[in-house]
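Here are my notes on this model. They cover charged pairs, aromatic pairs and one surface patch.

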Amino acid sequence: MGQKKLIRFQALNSLSNVLQYPETAKGNWLKFFKNNNPVVLELACGRGEYSVGLGRQDKSRNYIGVDIKGNRMYMGANIAMKEGLDNVGFLRIQIEQITKYFAMGEVSEIWIIFPDPFLRLSRAKNRLTHARFLHQYQQILAPGGRINLKTDSKELYDFTLETIAEQACTIHENMVDIYGTGKAVGALAIQTYYEKMHLAEGRTIYYISFSLPQTGITIPERFLGKENGTSTVTDIK
C-alpha cells in the first residue's frame with residue numbers, strides 16, 4: 001500500500017463522520033445524525049463526491065456514502081467535515097453485507113453512481129443492479145423507496161432495464177443522454193471526477209430511477225448455473 005493511502009486509512013479513524021464495520025449501527029442511523037430526516041445511501045461511493053454534492057443540495061435529508069475503499073472515502077469525508085455538512089456520513093463495509101447495517105425501512109432512497117459494470121457474464125452477479133442485490137435493498141428500503149442508477153455503460157443500462165422488467169419493478173424515470181437532452185439538473189447535475197472524464201470523452205450518460213415490487217425478488221434462470229427454473233431469493237447473504 002502506498003504511503004498516501006496508508007495515511008488516509010489511518011486518518012479515517014479520526015473523522016467522526018466515518019464508521020467502519022460498526023456493530024451497533026443497524027436501526028440507529030437517526031441517532032448518528034441526531035435528527036429524524038430520511039436516510040439516503042450512495043453505494044460504491046468512491047471518493048464520496050456524490051454524497052457530498054447531494055448533502056450540499058438538500059439539507060433536509062441524511063446521506064451516507066458506502067464503500068470498502070477507505071483511502072478514497074477519506075477524500076469525501078474530509079471535505080464534508082471541513083464544510084460542516086452534518087447531514088453527510090460515510091460507512092466502510094462490503095456492500096454485500098449491507099443488511100447487517102440497516103434495519104427494515106431505514107433507508108428512503110439509494111443512489112448508484114458509475115459503478116463497475118462487470119461486463120463479463122461470469123461476473124454479472126457483482127453488478128449492483130443484479131437481483132441478488134435488489135433482494136438486499138428490498139430488506140432496507142422503505143416502501144416505495146427509489147433506486148437511482150447513473151452510468152456511462154450501455155451494457156449495465158440494458159442489463160438493469162432487463163432486470164427491472166423481470167422483477168416487475170416500477171420505473172419512475174428512464175433517460176438516455178441526460179446531458180444531450182438537457183435533463184442533467186438538480187441531483188443529476190452533480191459530477192464526479194470520473195463522470196467529468198467520461199463527458200470529456202464524449203460518452204453518453206444514462207439514468208434510471210425505479211422502485212422494487214412488494215413481492216419477493218427472483219433469480220433469473222440464466223444465473224442459476226446447474227439449477228433449473230427460477231427461485232425466489234430469501235436467504236442470500
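Which residues are linked with Asp152 in a network of salt bridges? Glu201 and Arg203 are. The points below start from there. Keep in mind that this is a predicted model.

1. **The network.** Asp152, Glu201 and Arg203 belong to one network of salt bridges. Within it, Glu201 bridges to Arg203, with the closest N and O atoms 2.9 Å apart. Arg203 has 37% relative accessibility, so it counts as partly exposed.

2. **Salt bridges overall.** The structure has 7 salt bridges. One of them joins the side chains of Arg61 and Glu109, at 2.4 Å from N to O. This pair connects distant parts of the chain, 48 residues apart. Arg61 sits in the loop between helix 3 (49–57) and strand 3 (62–67). Glu109 belongs to strand 5 (residues 107–113).

3. **A buried bridge.** Lys150 and Glu195 form another salt bridge, their closest N and O atoms 3.1 Å apart. It also links distant parts of the chain: Lys150 is in strand 6 (residues 141–151), Glu195 in helix 7 (residues 193–200), and 45 residues separate them. Both residues are buried.

4. **Aromatic pairs.** The whole structure contains 8 aromatic pairs. In one, Trp29 and Phe102 have ring centres 5.2 Å apart and planes at 15°, so the pair is stacked. Trp29 is in helix 2 (residues 29–33) and Phe102 in the loop between strand 4 (88–92) and strand 5, so the contact ties together parts 73 residues apart in sequence. Trp29 and Phe102 are both buried.

5. **A tilted pair.** Which geometry do Tyr50 and Trp111 show, stacked or tilted? The pair is tilted, with 5.7 Å centre to centre and 35° between the planes. Tyr50 lies in helix 3 and Trp111 in strand 5, 61 residues apart. Both are buried.

6. **Charges over rings.** Arg47 lies over the face of Tyr193, 4.2 Å from the ring centre. The charged end of Arg127 sits over the Phe159 ring, at 4.5 Å from its centre.

7. **Surface patch.** With Tyr194 and Met197, Tyr193 makes a nonpolar surface patch of about 270 Å². Tyr193 is placed in helix 7. Its relative accessibility is 39%, so Tyr193 counts as partly exposed.

Methods:
Residues numbered from 1 in each chain as written. Predicted model: local features only at pLDDT ≥ 70, side-chain atom pairs only at ≥ 80, totals over all residues. Heavy atoms only, no water. Salt bridge = Lys/Arg side-chain N within 4 Å of Asp/Glu carboxyl O. Helix = DSSP H or I, 4+ residues; strand = E, 2+ residues; numbered from the N terminus. Buried < 20%, exposed > 50% of the residue type's maximum accessible area, 1.4 Å probe, protein only. Patch = residues over 30% accessible without salt bridge, like charges linked within 9 Å, V, L, I, M, F, W, Y side chains within 5 Å. Areas by Shrake-Rupley, 256 points an atom, 1.4 Å probe, with all protein chains shown as cover. Phe/Tyr/Trp six-rings, centres within 6.5 Å; stacked < 30°, edge-to-face > 60°. Lys NZ or Arg CZ within 6 Å of the ring centre and 35° of its normal.
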